[in-house]
Amino acid sequence: AGYIGFVADIYSQDLKDSTALELEQMYHANFTKYLSRIHAAVEHVKNMNGVDPDKIAVIGFGFGGSGALYYALSEDGADTAVKAIASFHGELVDVAIVAEAKNVLNDANSTGAGNGFQ
């Protein structure tokens, strides 16, 4: 029993042509691409030796925190293998703008209705 950590590198392969800030902006503008990279990381972790594929957590800080939020709001966030999603200093305003523009949030999610926290 224990924990295995895995850090997904979302964009360093693209850094030769762009700055980190430009890439962050690009991924916020194309959250489908961002989600595809996070989904690939989750699937990779599920197949790693020693990992219980039914007990996964997605945790991110800053730009990675935004990725965790996008994952939570996406259909991928319904993956029952992912037991926890945590965002630390995720760029909540950027995520909210993209989520609203892409109509990711439904009325129950955006108002909190029916989530037991009202």
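1. The accessible surface of the chain amounts to about 7800 Å², and carbon and sulfur atoms account for 54% of it. The model under review is predicted. Of the 118 residues in the chain, 29% are buried.

2. As to secondary structure, the chain contains 5 helices and 2 strands. Read from the N terminus, the order of the elements is α-α-β-α-β-α-α. Contacts between residues at least 6 apart in sequence deserve mention here: 69% of them join residues at least 24 apart.

3. The packing of H3 with helix H2 (residues 31-46) can be described in detail. Two packed helices are described by the angle between their axes and the distance between the axes. Here the axes of H2 and H3 come within 10 Å and cross at roughly 90°. An angle of 65 to 115 degrees counts as roughly perpendicular, and H2 is therefore roughly perpendicular to H3.

4. The residues that form this contact are as follows. Helix H2 contributes Phe-31, Tyr-34, Leu-35, Ile-38, His-39 and Val-42, which meet Phe-63, Gly-64, Ser-66, Gly-67, Ala-68, Tyr-70 and Tyr-71 of H3. Classified by type, the contact of H2 with H3 comprises 9 nonpolar and 4 polar residues, with no charged residues.

5. The aromatic residues form a further topic. The structure holds 7 aromatic pairs. In one of them, the ring centres of Tyr-34 and Tyr-70 lie 5.6 Å apart with the planes at 70°. Planes over 60 degrees apart count as edge-to-face, so the pair of Tyr-34 and Tyr-70 is edge-to-face. The pair connects distant parts of the chain, with Tyr-34 in helix H2 and Tyr-70 in helix H3, 36 residues apart.

Note on methods: Residues numbered from 1 in each chain as written. Predicted model: local features only at pLDDT ≥ 70, side-chain atom pairs only at ≥ 80, totals over all residues. Heavy atoms only, no water. Axes fitted to C-alpha atoms, helices over the stretch in contact; angles between N-to-C directions. Helix = DSSP H or I, 4+ residues; strand = E, 2+ residues; numbered from the N terminus. Parallel < 35°, antiparallel > 145°, perpendicular 65-115°, else oblique. Contact = heavy atoms within 4.5 Å. Nonpolar A, V, L, I, M, F, W, Y, C, P; charged D, E, K, R; others polar. Phe/Tyr/Trp six-rings, centres within 6.5 Å; stacked < 30°, edge-to-face > 60°. Buried < 20%, exposed > 50% of the residue type's maximum accessible area, 1.4 Å probe, protein only. Areas by Shrake-Rupley, 256 points an atom, 1.4 Å probe, with all protein chains shown as cover.
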